[in-house]
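Subject: Structure handover

Hello,

Here is the structure for your files. My notes on it follow below.

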Amino acid sequence: MVERFGEEYTLLIGLAFLSVGFLASSFIDTVGYLIIAVIPMAIGTGMVNPSVAGSISKRTPRDQQGGIMGLNSSSSALGRILGPLTAGFLYDQDKQYPFLFGLFTMTLTLIFGSIFLKSVKIESSAEKLLQG
């Protein structure tokens, strides 16, 4: 999908899938429905991760790519450490709060991503092929 539509579009659609998944998950009372509600989150994550990696490699000079990709990996690891701690704390307050917090975070990211990606144009692989 990234090759066909480009990183920007794939990233924004992935963030939208994540937002839908968090929204749906916040209103679920049973585990069965929660499993179904998590499907858009899995799709969104599968779209966002390669888009971010591709965007980093396209926007970063070759001699700095390793360092920047390392920072990306470090921030992802930090999220996997702090995310469950934060979600556990929020769940203690109300079982919907972790999902609403995720929805809030993904929506903000989607808004700022839309603004930022409009100002920075990256050619998709398809556009490069068409240009020669």
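Where is the place of Ser19? Ser19 sits in helix H2, a helix being a DSSP run of H or I with at least four residues, a strand a run of E with at least two, both numbered from the N terminus.

Some conventions before the rest. This is a predicted model, in which local features need pLDDT of at least 70 and side-chain atom pairs count only at pLDDT 80 or more, while totals for chains, interfaces and linings use all residues. Residues are numbered from 1 along each chain as its sequence is written, and side-chain values use heavy atoms, with hydrogens and water left out.

Overall layout

The chain contains six helices and zero strands, in the order α-α-α-α-α-α from the N terminus on. Buried residues make up 25% of the 132 in the chain (buried is under 20% relative accessible area, exposed over 50%, partly exposed in between, with a 1.4 Å probe and protein chains only). Among contacts in the chain with a separation of 6 or more, 67% are between residues 24 or more positions apart (contact means heavy atoms within 4.5 Å).

The largest nonpolar core consists of nine residues: Leu11, Leu15, Leu18, Phe22, Met41, Val48, Leu103, Met106 and Leu117. H2, H3 and H5 are the elements that give two or more residues to this core, and H2 gives the most, with four. Such a core is a set of buried Ala, Val, Leu, Ile, Met, Phe, Trp, Tyr and Cys residues joined through side-chain atoms within 4.5 Å.

Is Ser19 buried or exposed? Ser19 counts as buried because its relative accessible area is 9%. Leaving aside neighbours within four places in sequence, Ser19 is in contact with Leu103, Met106 and Thr107. With residues up to four places away not counted, Leu103 touches Ser19, Phe22 and Leu23.

Val52, in helix H3, has 25% relative accessibility and so counts as partly exposed. Again not counting residues up to four places away in sequence, Val52 touches Leu11 and Asn72. Val52 and Asn72 are 20 residues apart along the chain, and their C-alpha atoms are separated by 8.8 Å.

Pockets

The largest pocket has a volume of about 1100 Å³. A pocket here is an open set of points on a 1 Å grid over the protein atoms alone, where a 1.4 Å probe fits, with protein on both sides within 12 Å along at least five of seven lines; lining residues have an atom within 4 Å of a point. Its 34 lining residues include Leu18, Val48, Asn49, Ser76 and Met106, which lie nearest the centre. Helices H2 (7-25), H3 (31-59), H4 (65-93) and H5 (97-119) each supply at least two residues of this lining, and the largest share, 11 residues, comes from H4. By class, the lining has 18 nonpolar, 14 polar and two charged residues (Ala, Val, Leu, Ile, Met, Phe, Trp, Tyr, Cys and Pro count as nonpolar, Asp, Glu, Lys and Arg as charged, the others, Gly among them, as polar).

The second largest pocket has a volume of about 160 Å³. Residues lining the second largest pocket include Ser25, Asp29, Tyr91 and Phe99.

Regards

How values were computed. Grid points are joined across faces, edges and corners, and a volume is the space filled by probe spheres set on the points.
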